[in-house]
Amino acid sequence: MQERLKELRKMAEAKIKSAHDLETLKELKIKFLGKKGELTSVLRGMGSLSPEERPVVGALANEIRNRLEELISSKEGELEEAKLEQKLKEETIDVTLPSVSFPMGAIHPLQAVIEELEDIFIGMGFEIAEGPEVETDKFNFEMLNFLKDHPARDMQDSFYITPEILLRTHTSSVQARTMLAKKGEVPVRIICPGKVYRRDSDDATHSHQFMQIEGLVVDRNISMSELKGVLFTFIKKIFGEDTEVRLRPSFFPFTEPSVEVDIYDPKKGWLEILGAGMVHPRVLEKSGYNPERYTGFAFGAGIERIAMLKYGIDDIRHFYNNDLRFLRQFQSE
Ligand code: PHE
């Protein structure tokens, strides 16, 4: 019997060692070690052995079982590893192959300037307001103290849709809208970036459509010096701390006094970037604010102007022609 067991061990060891795949190994396991396997069937004959022989054969059988189990499990590990290796080999990626390109858009320079301005003004406690681009005469002119036949209306050539409806010529049209919506409450502290339209012939410095950013503050005790502080702060944040700024007296029907603000460009000299002033008492009154009690200031800046100075762009039409060679230069902004 011991001979048969040893024989069985030899055969099983050889077969397990030469198994080439996990399937075969599984079959061998059943064949030799399973309930109906060969080892069990040899042991069934134990009954015919003498009491002295039994423990010896039993011990041998156990040893063989352990040995075969060990062999099978180590072979199993080996085959699994080989299988994984094979799989990895088949799925190898050649990282030196050229990749597919994913074209990335860029933020338009006007949008970049708007976002920068919004950040600056939000930091100074302003909120962002909006108004329609198709506007009524009432908000674009009348509420801003342009009387019906006031010569000031000739200052701006407008795109009229009907005699009462036009494309807004400036973002100042949001001033009265904002104040009316606030119903006499203070503080009013808003900016409004947006598109405006004028009947200009397009050239390097004129565009029939462009962008402005309006600012409006109304509260008690608002003075010209606060206007100056806000303007200087934002200009220096946008163009740099050393930027030279100057105020010139000017005229707008909706502000009194009015100023225009220039910044100094080493190449081009003094350049106007915005109009501003103290909100005209009549404008406050028309929008429900008692000018005896409240004062305010407003300003309106050209966004293209700011972007052109900031990025050294020499032609306003670049913003609107969608030439990718121009737009790509802002890709990493
Ligand atoms: N709306 C004026 C313009 O278009 C600018 C401005 C805004 C001036 C607010 C004073 C106050 O030129």
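Mentor: Helices (H or I, at least four residues) and strands (E, at least two) are taken as DSSP runs and numbered from the N terminus. The model is predicted, so local features require pLDDT of at least 70 and side-chain atom pairs pLDDT 80 or more, whereas totals for chains, interfaces and linings use all residues. Residues are numbered from 1 along each chain as its sequence is written, and side-chain values use heavy atoms, with hydrogens and water left out.

The shell around the ligand holds 15 residues, of which His 170, Ser 172, Arg 198, Gln 212 and Gly 300 are the closest; a residue belongs to the shell if one of its heavy atoms lies within 4 Å of the ligand. By class, the shell comprises five nonpolar, eight polar and two charged residues. Here Ala, Val, Leu, Ile, Met, Phe, Trp, Tyr, Cys and Pro count as nonpolar, Asp, Glu, Lys and Arg as charged, and the others, Gly among them, as polar.

Strands β5 (209-219), β8 (269-279) and β9 (295-302) each contribute at least two residues to the shell, and β9 gives the most, with three. These strands belong to an open, mixed sheet of seven, ordered β1-β4-β5-β9-β8-β7-β6; two strands pair if DSSP finds at least two bridges between them. At the edges stand β1 (127-128) and β6 (245-252), each with a single partner strand, so one side of each has no neighbour in the sheet. Within it, Arg 248 has Glu 260 of β7 as its bridge partner.

The backbone also deserves attention. Most residues other than glycine have a negative phi, and most peptide bonds are trans. In strand β7 lies Pro 257, which is joined to Glu 256 by a cis peptide bond with omega of about -5°. A further cis bond runs from Val 186 to Pro 187, with omega near 0°; Pro 187 is in the loop between α7 (173-182) and β4 (188-197). Finally, Asn 145, in the loop between α6 (137-140) and β3 (165-167), has a positive phi of about 75° although it is not a glycine.
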